[in-house]
Each structure stands twice: as structure tokens, then as C-alpha cells.
Amino acid sequence: MRTGIYLGVTAKRNRRSKASDLSRQLSSGTGATVSRQTMYRRLGHIDLYARRPVRCVPLSATHCHLRLTWCREHALWTPQQWSCLMFSDESRFSLQSDSRRTLIWRVPGTRYHQENTIERHRYGGSGWLVWGGIILGSRTDLHVKSATMTGHIYRRDFILEQHVCLFRGAMGAEFLFMDDNARPHRSNIVDKCLQLEDITSMDWSAYSPDLNPIEHVWDMLGR
């Protein structure tokens, strides 16, 4: 019993401890030696399990305020209004694990608690950049690039010639385009392209990928 309590306290103090680290700390603190399987079982008795940490974007008070304002402004939009909006995004599909197989000890139902998350803006490593757009009842083709995104690539391959302008031409002036505030999206060459094609952009809060429904597409593709 005392061994289980000691393991639980130690695991909660350092949620990223490996099983081998916990075993050494237990042996040093109590003199008891337990196998890896026994340690997992005893932690399970107090509802502590090894799980992947949740990735999240660090938000300031200003970010939270702007996100809440955006949600309130669009809470009463009709299906007709949403049907004119194209959500777009590009996502990097990494060829290696961004978490480096890091596991944490957590209790069921606490996945999104602050102590069980990792704050990151970007994820390194090699991979492929995939762009796509979705609109109610339709979608663009997925566009795959190995190159780093720039304003020129974004305009030439994603907006001007390939996808967005075609939807604008088919839907007319009611068409509304959403992309995030990534630097290539806000370059002068992209702004001029949008103005030339008479494409209206939706105001978007910084660090708000969770408000973009296309994120579910990336999850389904196994990002």
C-alpha cells in the first residue's frame, strides 16, 4: 500500500518520469524493488496511466479575448452564411514523432489539464507540407509540397491559379476565404492577389487552429 502511494506521489510530481526512473526512485526512497509490470499495475490501481501528452498552442490573455470575440460574432451565423466560407490550411506531416515518444502519467478524464499538455508553436523534423480547403458540400484537391512555404508559392500554387480563385468565380461576391495569420499568407504579393481577384478574407484570430474545422481532416489523415 505504502509503495503504491509513494509511486503515485512521485509520478505526479514528475509526470514525464520513465518507468525505470520511478523504479530507481522507489528503491532509493523505500528500499523496495518492484518489477516494471508490478509498477504499472500499482499505478493503475490509483488511476495513473502512461499516455501521450496533448499538444497545445500557448495563448496570452489577448489571444483568448480575440478568440472569444470571434466566436461570439459568428455564433448566430446561418447555414447559408457558412456555406459561402472556405476554410483552408496547410499542415506539415512529419516523418518523425514530434513528441519523441514522450509519455506522461495522468488520471483518466484529465487529458486537457494544463499539467498534461505540452506548449509548442512549431514542430521540427523533415516532412511534407499539405494544403487543402473545405467548404460546405465541397472541397479542393490536396496540394502536396516538399518545399518551404513562401508568399510566391502560396499565391501561385494555392490561391491564384489552382483553387481559391476558381471557387470565387463559381460562387460570386458572397464567397469568403479563411486562412490563418502565417507570414506567407500575409505577404504583400498575396494581399495584391486577393484584391485583384476581389476575394474577401475572413478576419482570423492568431493561434486558433482549433477553431478551424479543417483540422479534423488532418487528424483523419493521420498527421
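1. A residue is called buried when its relative accessible area is under 20%, exposed when it is over 50%, and partly exposed in between, computed with a 1.4 Å probe on protein chains only. The model is a predicted one, in which local features need pLDDT of at least 70 and side-chain atom pairs count only at pLDDT 80 or more, while totals for chains, interfaces and linings use all residues. Residues are numbered from 1 along each chain as its sequence is written, and side-chain values use heavy atoms, with hydrogens and water left out.

2. In helix H3, the buried residues are Thr-38, Met-39, Leu-43 and Gly-44; helices (H or I, at least four residues) and strands (E, at least two) are DSSP runs, numbered from the N terminus. H3 is followed by Asp-47, which has a positive phi near 65 degrees.

3. Helix H2 (residues 19-30) packs against helix H3 (residues 36-45) with an angle of about 90 degrees and a distance of 10 Å between the axes. The axes are lines fitted to C-alpha atoms, for helices over the stretch in contact, and the angles run from 0 to 180 degrees between N-to-C directions. H2 and H3 are therefore roughly perpendicular to each other, given that 65 to 115 degrees counts as roughly perpendicular, under 35 as roughly parallel, over 145 as roughly antiparallel and the rest as oblique. Ala-19, Leu-22 and Ser-23 on the H2 side meet Arg-36, Met-39, Tyr-40 and Leu-43 on the H3 side, where contact means heavy atoms within 4.5 Å. By class, this contact of H2 with H3 consists of 5 nonpolar, 1 polar and 1 charged residues, with Ala, Val, Leu, Ile, Met, Phe, Trp, Tyr, Cys and Pro taken as nonpolar, Asp, Glu, Lys and Arg as charged, and the others, Gly among them, as polar.

4. Helix H6 (residues 151-160) and helix H8 (residues 188-196) have axes 8 Å apart and pack at an angle of about 25 degrees, and H6 and H8 are therefore roughly parallel to each other. From H6, the residues Gly-151, His-152, Tyr-154, Arg-155, Ile-159 and Leu-160 meet Ile-189, Val-190, Cys-193 and Leu-194 of H8. The contact of H6 with H8 divides into 7 nonpolar, 2 polar and 1 charged residues.

5. The structure holds 6 aromatic pairs, a pair being rings of Phe, Tyr or Trp (its six-membered ring) whose centres lie within 6.5 Å, with planes under 30 degrees apart called stacked, over 60 edge-to-face and the rest tilted. Among them is the tilted pair of Tyr-40 and Trp-105, with 5.5 Å from centre to centre and 45 degrees between the planes. Tyr-40 lies in helix H3 and Trp-105 in strand E4 (residues 104-106), so this pair ties together parts that are 65 residues apart in sequence. Tyr-40 counts as partly exposed at 31% relative accessibility, and Trp-105 as buried at 3%.

6. Another aromatic pair, that of Trp-70 and Trp-204, is edge-to-face, at 5.0 Å centre to centre and 75 degrees between the planes. It links distant parts of the chain, with Trp-70 in helix H4 (residues 61-74) and Trp-204 in the loop between strand E10 (200-201) and helix H9 (215-220), 134 residues apart. Trp-70 is buried, with a relative accessible area of 9%, and for Trp-204, also buried, the value is 9%.

7. Asp-89, in strand E3 (residues 85-94), is buried at a relative accessible area of 7%. Its side chain is joined to that of Trp-218 by a polar contact of 3.0 Å, meaning a pair of N or O atoms within 3.5 Å, of which, within protein, one must be able to donate a hydrogen and the other to accept it, residues adjacent in sequence counting only if both atoms are side-chain atoms. Leaving out residues up to four places away in sequence, Asp-89 touches Val-130, Trp-131, Gly-132, Asp-180, Asn-212, Ile-214, Glu-215 and Trp-218.

8. Asn-116, in the loop between E4 and strand E5 (117-119), counts as buried at 1% relative accessibility. A polar atom of the Asn-116 side chain lies 2.6 Å from the backbone oxygen of Thr-110. Beyond its neighbours within four places in sequence, Asn-116 is in contact with residues including Arg-15, Pro-53, Trp-105 and Arg-111.

9. His-216, in helix H9, is exposed, with a relative accessible area of 54%. His-216 and Arg-13, 203 residues apart in sequence, are 33 Å apart in space from C-alpha to C-alpha.
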